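Q: Please take a close look at one strand and its surroundings. Then widen the view step by step.

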Amino acid sequence: MSFKGLKPILYGGREVWPLVEGGKGVAATNHASSGAWAAAGGIGTVSAVNADSYDADGNVIPQIYHAATRTGRHEELIRYAIDGAVEQVKRAYDIASGRGAININVLWEMGGAQQVLEGVLERTRGLVAGVTCGAGMPYKLAEIAARFDVQYLPIVSSGRAFRALWKRAYHKVSELMAAVVYEDPWLAGGHNGLSNAEDPTQPQDPYPRVKQLRETMRAEGVPDSVPIVMAGGVWYLREWENWIDNPELGSIAFQFGTRPLLTEESPIPQAWKDHLRTLEPGDVLLHKFSPTGFYSSAVKNPFLNSLVDRSERQIPYSKVEAGDHTVQLDVGVKGKNFWVTPCDRERARQWFGAGFIHALRTPDDTLVFVTTPEREEIRKDQADCMGCLSHCGFSSWKDHDDWTTGRLADPRSFCIQKSLQNIAHGEDIDQNLMFAGHAAYRFKQDPFYSNNFTPTVKQLVDRILAGD
């Protein structure tokens, strides 16, 4: 059966294909990939999350921090972020050569998000068509878009989240809301909006969730001509044919985040690209180790496995004898104010004997057991915090008021800025966080990629438009 195909939509004053490149930070989507996506007629997305800048010879400028304080390093980070995103937008716009459209993507939970977004838009007037924004509740997105006369595309995972954003802010700037991105919590890579009421182990069919989102939008007076962008799990468009021209759903566009990772223009290192070809179903883990506090999806590797194992070497404790906590812990801690169950004390003794000799406190009145090298790395990374998030569970940083969340720094997490910068710039893929969507296993199954074929972005977009 032939694929019935997509129709172009009007976006940014020109006709484009309803295909959005998912913006992936840090530096996993840049000018080369997004410019090529736009040149192929789609909507390319520059990641504005601590994007790369270049020196006069075209080499990436390392983001090195010199300030002695967290607040000082945070200011350095904001300057890096603005300069890098501006550079990426200008280069992407040149590559697009008037075709398609260029968006930028920001995470609302990144440190200094509003300052970065405003700084980038101020220096790229006329180049950016729209802003996609998620990872939080970006109420101010519409107001900022109006000030710079760009369109905005909020990223949500439910109709409930959209209604909250609409009623509080977006209804005031409805004319600039170009689309609503539905990011499926169980299918999309990177951070997502899985709520506490939803079970991470029980995926839900996206169709009724998107139908409910459309019904919510209609109830608020948003016309069906405003597309919902399906993000997460999209591979062959022929598998989504019943979504296209479907009156229940209204206008639909599709976002591709994982497939563009394996293109000639993709900036990720070759080792990362090669590893994508080896993945099997189930090799991407939906987890909650991110210091943002959000769930996120990444490839299972020794780095992620070590976080899983660390959290399993965890026991609750009390500061006084209470309930089942009837014995004092005698390994991994200093002092006697750690009361645990007899069973947990025995487990702790076994971990201690296996080399996990340090018990670190968590904000949830538990202890995790780590080796000496692990403890030193955790302490150093927490001390080196550069304030990349608005609220960081790992370091207790907060980007406003008194600069602290007031909670104990959490050793079950990790420095996400360090890890994402490392993997994007050629460090060991086994020892860093490797984001990918849950359909990444299809690289191995899809004959398009056989014999180690790596398409250009144009070849990939043409393939997608054909239904494959």
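A: In strand β6, Gly130, Thr132 and Gly134 point one way, while Val131 and Cys133 point the other way. All are buried, meaning under 20% relative accessible area, with exposed being over 50% and partly exposed in between (1.4 Å probe, protein chains only). Strands here are DSSP runs (E, at least two residues) and helices are runs of H or I, at least four residues, numbered from the N terminus.

This is a predicted model: local features need pLDDT of at least 70, side-chain atom pairs count only at pLDDT 80 or more, and totals for chains, interfaces and linings use all residues. Residues are numbered from 1 along each chain as its sequence is written, and side-chain values use heavy atoms, with hydrogens and water left out.

Now the partner of β6. Strand β5 (residues 101–107) runs parallel to β6 and is joined to it by 5 bridges. Two strands pair if DSSP finds at least two bridges between them. Ile104 stands opposite Val131 in β6.

Ile104 leads on to the core. With Leu19 and Phe254, Ile104 touches the most other members of the largest nonpolar core, which holds 121 residues. Such a core is a set of buried Ala, Val, Leu, Ile, Met, Phe, Trp, Tyr and Cys residues joined through side-chain atoms within 4.5 Å. Helix α2 (residues 70–96) supplies the largest share of this core, 10 residues. Leu19 touches, among others, Trp37, Ile43, Phe254 and Phe256, not counting residues up to four places away in sequence. Contact means heavy atoms within 4.5 Å.

Next, another sheet. Three strands form an open sheet in the order β9-β13-β12, with antiparallel pairing. β9 (190–191) and β12 (284–287) stand at the edges, each with a single partner strand, so one side of each is left without a neighbour in the sheet. β12 pairs with β13 (residues 296–299) over 4 bridges. Leu285 stands opposite Ala298 in β13.

Last, the largest pocket. Its lining has 42 residues, and Leu194, Lys288, Gly293, Phe294 and Tyr295 lie nearest its centre. A pocket is an open set of points on a 1 Å grid over the protein atoms alone, where a 1.4 Å probe fits, with protein on both sides within 12 Å along at least five of seven lines; lining residues have an atom within 4 Å of a point. Helix α5 gives the most to this lining, with 3 residues.
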